[in-house]
Amino acid sequence: MQIARPGGQPAKWPYNSDPPLADWLAPDMEMKMLKLARVALALVFGAGLASVAATAAAQTVNPAGEKLYKTACIACHSTGVAKAPKLGDKNAWAPLIASGMDAMMEIAVKGKGAMPPRGASSADDATLQAAVEYMVQASR
Ligand code: HEC
């Protein structure tokens, strides 16, 4: 494919498109290139915004999770006492996150070592999981 250049040879457009892109571009090419660039930019920008929106939506957590964390889990998980994975400690959480929500919930419900069942709270599964999700999101 040849692209028409200002002052260059007329472009040969190998396809029988009607009108050929080169003909469409030729008359006031710069304006049209600008237009195309704007469209491309708008697309990229739009996609960027959409992904930001999607990220924001994905990070919308059940507020009960943060509340439970701050009442029941913070005592150990903010300080890392007794080797509790600390909130915000990416290295400590990475392998737990990799093990999956089910595995983390299993331990959150039943306890393990110094981790008491349900963090010694009376939270239901949904709230407990929201608290785990809250900690996970703060520790990615
Ligand atoms: C008394 C301290 C203490 C409290 C309170 C506590 N935790 Fe823990 N938690 C720990 C300790 C210690 C570990 C590490 C257990 C281990 O691996 O030996 C842990 C580990 C975890 C893990 C990682 C499980 C895994 O996959 O290994 C999760 C999830 C968790 N706690 C959630 C919670 C939640 C949710 C709360 C509040 C509802 C809470 N914890 C309250 C001490 C605590």
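1. Let us start with the kink in helix 3: the helix bends by about 55°, centred on threonine 71. The bend at a residue is the angle between axes fitted to the seven residues ending there and the seven starting there. Helices here are DSSP runs of H or I with at least four residues, strands are runs of E with at least two, and both are numbered from the N terminus. Helix 3 spans only 18 Å between its end C-alpha atoms, whereas a straight helix of 15 residues would span 21 Å at 1.5 Å a residue. That expected span is 1.5 Å times one less than the number of residues.

2. Please keep in mind that this is a predicted model, in which local features need pLDDT of at least 70, side-chain atom pairs count only at pLDDT 80 or more, and totals for chains, interfaces and linings use all residues. Residue numbers start from 1 along each chain as its sequence is written.

3. For the overall plan, the protein has six helices and zero strands. Buried residues make up 15% of its 140 residues. A residue is buried if 20 or more other C-beta atoms, placed from the backbone, lie within 10 Å of its own, exposed if 12 or fewer do, and partly exposed in between.

4. Back to helix 3, whose buried residues are Gly65, Leu68, Tyr69, Ala72, Cys73, Cys76 and His77. These buried residues pack against helix 6. Tyrosine 69 is in contact with Ile74, Ala131, Tyr134 and Met135, leaving aside its neighbours within four places in sequence. Two residues are in contact if their C-beta atoms, placed from the backbone, lie within 7 Å.

5. Which residues touch the most other members of the largest nonpolar core? Of its 14 residues, they are Leu68, Tyr69, Cys73, Ala131 and Met135. Helix 3 and helix 6 are the elements that give two or more residues to this core, and the largest share, six residues, comes from helix 6. A nonpolar core is a set of buried Ala, Val, Leu, Ile, Met, Phe, Trp, Tyr and Cys residues joined through C-beta atoms within 7 Å.

6. Next, the ligand. Of the 29 residues around the ligand, Cys73, Cys76, Gly113, Met115 and Gly119 come nearest; a residue is near a molecule if its C-beta atom, placed from the backbone, lies within 6 Å of it. Helix 3 gives the most to this shell, with six residues. The shell divides into 21 nonpolar, five polar and three charged residues. Here Ala, Val, Leu, Ile, Met, Phe, Trp, Tyr, Cys and Pro count as nonpolar, Asp, Glu, Lys and Arg as charged, and the others, Gly among them, as polar.

7. Helix 4 is worth a look too: one of its 10 residues is buried, so the helix lies largely in the open. Just after helix 4, glycine 100 takes a positive phi of about 100°.

8. The loop between helix 3 and helix 4 holds alanine 82. Alanine 82 counts as exposed because it has 9 C-beta neighbours inside 10 Å. Alanine 82 and glycine 113 are 31 residues apart in sequence and 8.8 Å apart in space, C-alpha to C-alpha.

9. Finally, the loop between helix 5 and helix 6 contains arginine 118 and alanine 120. Phi of arginine 118 is near 55°, a positive value in a residue other than glycine, and phi of alanine 120 is also positive, at about 60°. Arginine 118 is buried, with 20 other C-beta atoms within 10 Å, while alanine 120 is partly exposed, with 13.
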